[in-house]
Amino acid sequence: MARKVDVSGQVVLITGASRGLGRALAEAFGRGGAKLVLCARREAPLREVVEELERGGVEVEWSAADVRDAAGVGRLVSAAARRFGPISVLVNNASMLGPRVPLREHDLEEWRQVLDVNLTGTLVPILAVLPGMREAGAGSIVNVSSGVGNVARARWGAYAVSKWGVEALSRNLALEEEDSGVRVNIVDPGRLRTEMRRAAYPYEDPTRPARPSEAVGVFLWLASPESAGVTGERFQALEWR
Ligand SMILES: NC(=O)c1ccc[n+]([C@@H]2O[C@H](COP(=O)([O-])OP(=O)(O)OC[C@H]3O[C@@H](n4cnc5c(N)ncnc54)[C@H](OP(=O)(O)O)[C@@H]3O)[C@@H](O)[C@H]2O)c1
């Protein structure tokens, strides 16, 4: 059983919240009393998640924003700040898999798209929330990586390279913000039963990977005062107790 941590009153932006890990995070933070700020590209599936959360009494600001779109993400962050106050926690979860091919076969357009969504799409929300966090002198940014984000793996294309980039961005930002009160950490969620996992491993027994809800504990902890002072670190969600 995971440790109990307090996230009540936190204003938490989760990207890619319409399914998979992002949805499980939204549900867990909502249950913990956080105010939620959610996005994903497609409106209908996100709306369903939001309506369910609101039926459970959770306050949610949301928009069908693409993490590549600085203006769209900026509008969402501004609307959330007006309603709830500044974002105190950012979980950069949205990502796309792209083709699992050797680099010599990579289509350049797909390469650009994956790096744009996974790497630039991690920086865009950071740039939107960082001024508010710096002004508050506090904030927690959690960037979602992968098991292929810090070890060499063949045939993982732009996805693996983008996650190495996410890890470098996280570590450099953690250093840059050392004195500002803004913490930046990396989480490798592990093998989770989601659409992305099914696309990456189409022949795997789909019930083998863990449920996304099993991976949320470390995210709640990183968002809570219990993790004060922790920055520039990497965690494995399924091993965290
Ligand atoms: N599942 C695993 O086993 C596993 C393992 C290692 C790492 N991860 C990482 O864990 C995170 C969550 O993965 P998952 O398996 O839950 O993925 P998923 O099931 O494919 O869900 C991805 C979410 O991101 C949204 N999204 C995709 N592109 C977006 C964009 N450009 N802008 C905004 N939202 C976007 C999707 O909604 P729309 O399509 O409507 O935008 C969806 O809500 C990712 O960072 C992934 O790399 C997962």
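**Around the ligand**

Guide: Gladly! The ligand is surrounded by 29 residues, and the closest are Ser18, Arg41, Asn93, Tyr159 and Thr194; a residue counts as near if one of its heavy atoms lies within 4 Å of the molecule. This is a predicted model, where local features need pLDDT of at least 70 and side-chain atom pairs pLDDT 80 or more, while totals for chains, interfaces and linings use all residues. Residues are numbered from 1 along each chain as its sequence is written, and side-chain values use heavy atoms, leaving out hydrogens and water.

Sorted by class, this shell holds 12 nonpolar, nine polar and eight charged residues (Ala, Val, Leu, Ile, Met, Phe, Trp, Tyr, Cys and Pro count as nonpolar, Asp, Glu, Lys and Arg as charged, and the others, Gly among them, as polar).

Now look at some individual atoms. Thr194 has a side-chain N or O atom 2.5 Å from an oxygen atom of the ligand. For Leu192, a backbone N or O atom lies 2.8 Å from a ligand oxygen, and for Arg19, a side-chain N or O atom is 3.1 Å from an oxygen atom of the ligand. Taken alone, the ligand exposes 890 Å², of which the protein buries 96% (accessible areas come from the Shrake-Rupley method with a 1.4 Å probe).

Which elements give two or more residues to the shell around the ligand? They are α1 (20-31), α5 (157-176) and α6 (195-200), with α6 giving the most, three residues. Helices (H or I, at least four residues) and strands (E, at least two) are DSSP runs, numbered from the N terminus. Stepping back, the protein chain has seven helices and seven strands, and its C-alpha trace spans about 45 × 40 × 35 Å along its principal axes.

Methods
Polar contact = N/O pair within 3.5 Å; in protein donor to acceptor, adjacent residues only side chain to side chain.
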